[in-house]
Amino acid sequence: MTTAPQTQLTQRADYTHKYNTRTGRHGWLRLTPAYSVKIVEELLRTVDAPRRVLDPFCGTATTALSAAYRGYPSATTEINPFLVWLGRAKTATYSDADIANTLDACAAALALMSANDLPPTPVPPLHNVERWWVPDALSFLQRLRTAIETVTEGETATHTLLSVAFCRTLISLSNASFSHQSMSFKAAGAQLSFDVGHDLAAVFYEDVKFVLDGAADNPRGECTVIEGDARTLPDFLNERFDLVITSPPYANRMSYIRELRPYMYWLGYLTKARDAGELDWASIGGTWGVATSRLTDWKPDRDAFACSMLDGVLRSIAHEGHANGGLLANYVARYFEDVWHHLKGLRRVLAHDAQVHYIVGNSTFYGVLLPVERVYAWMMRELGFDNVDVTAVRKRNSKKDLIEFDVSATWSGSWTERQSDVSGDRKEIHGPAPSLATASLTKAASLGTSCCSTSSTTQ
Ligand SMILES: C[S@@+](CC[C@H](N)C(=O)[O-])C[C@H]1O[C@@H](n2cnc3c(N)ncnc32)[C@H](O)[C@@H]1O
């Protein structure tokens, strides 16, 4: 990865999800927090032999698909069932017959719609659905959904590929604007970029062709996409991995479910708002709906870990002058407790000399800088990783000091093998600190990321 000193960092659109829209399957559907294929490919190029690659936070399967195109076997885990479906669709192998059948099914679906007596699929129970689609677009989508279900059978390649194209179309026909960090709605006067008279069927047809172009380019490597919780990896991963490249959720109150709602409701992964809140609460960094009220009463597990640097920042966030300071401090504390459990379990699925790369962004709360990368680096050292290193990758914002980092480390495995119990609870990690590698500290210090300091340095 090309990196620059922190003072010379730029925003690097090529290191964001924007780069993916032009790259075949990677561009099938957008997720704003997806990272760039380019970052992943540059990291994959740093290893010279085929590796077993793991991405514990699959998202849109950027890592898994990149590894598969390189011919590396990979596994990826994800808590959101819609993203599991998408990851499987993106990493699957499609035959020429699958592609021909899908084109035929697309034609059959559109012909069925023109007959005009197709019963519409019910409007998805999405809050303020009329803000998402003007009536003609909504009616078109309802009939298109019925047509796809009529001409295809579930769980077939044809059904999958048409459903991916349907997801593209529902976003192109929507009033949603993705120009900000997250999704919002276009101004009322600027609704829909085409006329009602526009041929909506042509939009879908173009989306089908785009999806099929990507489907024709099959990856070589085997990939497994697993629905599971990254906090409990050893419970469902039986293999060991040599390379982890991942971008965990950011500690910035970004809700993935919020952005994915239209896809999830239309495809039946969500049927009511409460379920969206529950899924967000189950996710690391979830903050939406029911998650917000539960955070008020959330209490940290004092036996998990103690990091004075983090405690100092939490105290600053919780300052009485900050209206929701206590709630947001709980949000951050819960986020890192989850990350701790994730990293603790990760060690048990890593091979000897495994390398890990965590692409993370820092955040601010009430102007208090949360040095996310430093807390990750601190946790990795505490948990026995070696060569922990923090490298600035890009600026995330033109004005504020928000930066994306690669927190990398190696896992020798020997430290864990010396323990009688590898569960990694705090009481086990009193032994000789195995991981304060001098080189890492030097590099970290040069980035202003010394191992564990107080919050005063972060403000
Ligand atoms: C920043 S996104 C990953 C984006 C991905 N790198 C990409 O390029 O699309 C983080 C992902 O972690 C998932 N996630 C959150 N909590 C999780 C958990 N406990 N276990 C597994 N996945 C989780 C979210 O659903 C989200 O898809």
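Guide: A residue is buried if 20 or more other C-beta atoms lie within 10 Å of its own, exposed if 12 or fewer, and partly exposed in between, with C-beta atoms placed from the backbone. The model is predicted: local features need pLDDT of at least 70, side-chain atom pairs count only at pLDDT 80 or more, and totals for chains, interfaces and linings use all residues. Residues are numbered from 1 along each chain as its sequence is written.

Visitor: What percentage of the 459 residues of the protein counts as buried?

Guide: The protein holds 16 helices and eleven strands. Helices (H or I, at least four residues) and strands (E, at least two) are DSSP runs, numbered from the N terminus. Of the 459 residues, the buried share is 46%.

Visitor: What percentage of the contacts with a separation of 6 or more comes from residues 24 or more positions apart?

Guide: Two residues are in contact if their C-beta atoms, placed from the backbone, lie within 7 Å. Among contacts with a separation of 6 or more, the share from residues 24 or more positions apart is 73%.

Visitor: How far apart are the end C-alpha atoms of helix α7?

Guide: Helix α7 covers residues 157–172, which makes 16 residues. The expected span is 1.5 Å times one less than the number of residues.

Visitor: Which helices do the buried residues of α7 pack against?

Guide: Twelve of the 16 residues of α7 are buried, so the helix is mostly covered. The buried set includes Leu-161, Val-164, Phe-166 and Arg-168. These buried residues of α7 pack against α3 (81–91), α4 (96–114), α6 (135–151), α8 (200–215) and α9 (256–266).

Visitor: Which strands stand at the edges, each with a single partner strand?

Guide: Strands pair if DSSP finds at least two bridges between them. The seven strands form an open sheet with mixed pairing, in the order β5-β2-β1-β6-β7-β11-β10. One side of each edge strand is left without a neighbour in the sheet, because each has a single partner; the edge strands are β5 (223–227) and β10 (386–395).

Visitor: How many degrees does the twist average from one strand to the next?

Guide: Axes are lines fitted to C-alpha atoms, for helices over the stretch in contact, and angles run from 0 to 180 degrees between N-to-C directions. From one strand to the next, the twist averages 15 degrees.

Visitor: In β7, what is the bridge partner of Ile-245?

Guide: Strand β6 (residues 241–246) is mostly covered, with six of its six residues buried. Two bridges join β6 to β1 (residues 53–55) in parallel, and Val-53 has Leu-243 of β6 as its bridge partner. β6 also pairs with β7, again in the parallel sense, over five bridges. There, the β7 partner of Ile-245 is His-357.

Visitor: Which residue of β11 stands opposite Asp-389?

Guide: Seven of the ten residues of β10 are buried, so the strand is largely enclosed by the rest of the structure. β10 runs antiparallel to β11 (residues 403–411), and seven bridges join the two. Arg-394 stands opposite Glu-404. Opposite Asp-389 stands Ser-408.

Visitor: At about how many degrees does helix α14 run to β11?

Guide: Another helix, α3, lies across β2 (74–78) and β5, at about 170 degrees to β5. Helix α14 (residues 372–382) lies across β7 (350–361), β10 and β11, and its angle to β11 is about 5 degrees.

Visitor: What distance separates the C-alpha atoms of Arg-25 and Leu-212?

Guide: Arg-25 sits in the segment before α1 (37–44). Arg-25 is buried because 26 C-beta neighbours lie inside 10 Å. Beyond four places in sequence, its contacts are Leu-65, Lys-90, Gly-214 and Asp-217. Arg-25 and Leu-212 are 187 residues apart along the chain, yet their C-alpha atoms are separated by 9.0 Å.

Visitor: Is Asp-353 buried or exposed?

Guide: Most residues other than glycine have a negative phi. Asp-353 has a positive one, near 70 degrees, and is found in strand β7. With 11 other C-beta atoms within 10 Å, Asp-353 is exposed.

Visitor: Where does Tyr-366 lie?

Guide: Tyr-366 also has a positive phi, near 50 degrees. Its 14 C-beta neighbours inside 10 Å make Tyr-366 partly exposed. Tyr-366 lies in the loop between β8 (363–365) and β9 (368–370).

Visitor: Which residues around the ligand come nearest?

Guide: A residue is near a molecule if its C-beta atom, placed from the backbone, lies within 6 Å of it. The shell divides into twelve nonpolar, seven polar and three charged residues. Of the 22 residues around the ligand, the nearest are Ala-34, Gly-59, Thr-60, Thr-62 and Ala-230.

Note on methods. Nonpolar A, V, L, I, M, F, W, Y, C, P; charged D, E, K, R; others polar.
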